[in-house]
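Okay, everyone, thanks for coming. Let me put the picture up, and then we'll walk through a few spots together.

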Amino acid sequence: MNLSNRRLWLLGAIGITAIIIITLLFAPANNKLNSGSTYNRSPDGYGAWYAFMSKQGTEVQRWQKPFADFAKNQDAKPPSTFLRVYSSLITEVASDPEENWVKQGNTLVILGVSAPVTAAPFSSLHPDSAGEIKIDTGRRFPSDKNQILGDKFGAIVWKKSLGKGTVYFATTPHLAANAYQDFPGNYEFLAGLVTQSEDGLK
């Protein structure tokens with residue numbers, strides 16, 4: 001192999017290595033952006049739940065703009081529901097625009113709220129009128145919250161009243177993700193939260 005060919009081979013190897021490194025660095029960020037998306041068919045996406053709601057005849061509007069634009073939308077007048085799925089756990093808080101919107105009589109559902117890790121098993125099944133619900137997190141909020149779903153370790157889903165409206169919080173962002181298609185209770189439960197079905201709120 002002459003010097004020119006060796007140099008080309010070396011440059012090619014460096015180029016391929018650089019592409020691999022860039023892919024590894026940026027792919028996780030891209031996956032996080034898609035996590036919880038109704039367009040996402042991977043295990044942490046909500047494409048199957050969106051299809052489930054459509055099959056039931058419940059219209060779910062996909063929103064890809066800032067929340068402030070949604071709040072100004074004529075279709076978002078009370079009573080409306082906004083579902084937000086976080087890819088990273090957040091604190092139990094709604095932004096000021098969200099709180100003001102909820103107080104008008106609307107409903108906000110936030111999936112992916114940080115809570116203390118407890119002695120609860122990571123995977124657990126919970127009986128509910130919506131069907132058996134599978135939860136994969138040991139995080140729980142104290143049980144003195146307005147618990148909607150939980151166990152002896154604390155709340156998994158709870159609610160908070162704001163003015164005329166309600167905010168629902170969940171310790172898992174994957175409550176009805178694609179990974180839970182074999183657990184229809186998960187899908188029914190989230191459907192109950194966003195449609196205010198009494199069966200889904202007991």
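So, His126: buried or exposed? It counts as buried, because its relative accessibility is 5%, and buried here means under 20%. Keep in mind that this is a predicted model. His126 sits in strand E3, residues 123-126, and its side chain makes a polar contact with the side chain of Ser124, at 2.8 Å. Leaving out residues up to four places away in sequence, His126 also touches several others, including Glu132, Arg140, Asp151 and Ile156.

Next, the nonpolar core. The largest one has 27 residues, and Tyr46, Trp49, Leu175, Phe189 and Leu190 touch the most other members. Among the elements giving two or more residues to this core are helix H2, strand E2 and helix H5. The largest share, 6 residues, comes from H5. Apart from that core lies another one, of 17 residues, with Phe82 and Trp101 among them.

Now the aromatics. There are 10 aromatic pairs in the structure. Take Trp63 and Phe70: their ring centres are 5.4 Å apart and the planes are at 75°, so that pair is edge-to-face. Trp63 is partly exposed, at 24% relative accessible area, while Phe70 is buried, at 8%. Phe70 also pairs with Phe82, centres 4.8 Å apart and planes at 55°, so this one is tilted. Phe70 is in helix H3 and Phe82 in strand E1, so the pair ties together parts 12 residues apart in sequence.

Definitions and conventions: Residues numbered from 1 in each chain as written. Predicted model: local features only at pLDDT ≥ 70, side-chain atom pairs only at ≥ 80, totals over all residues. Heavy atoms only, no water. Helix = DSSP H or I, 4+ residues; strand = E, 2+ residues; numbered from the N terminus. Buried < 20%, exposed > 50% of the residue type's maximum accessible area, 1.4 Å probe, protein only. Polar contact = N/O pair within 3.5 Å; in protein donor to acceptor, adjacent residues only side chain to side chain. Contact = heavy atoms within 4.5 Å. Core = buried A, V, L, I, M, F, W, Y, C linked by side-chain atoms within 4.5 Å. Phe/Tyr/Trp six-rings, centres within 6.5 Å; stacked < 30°, edge-to-face > 60°.
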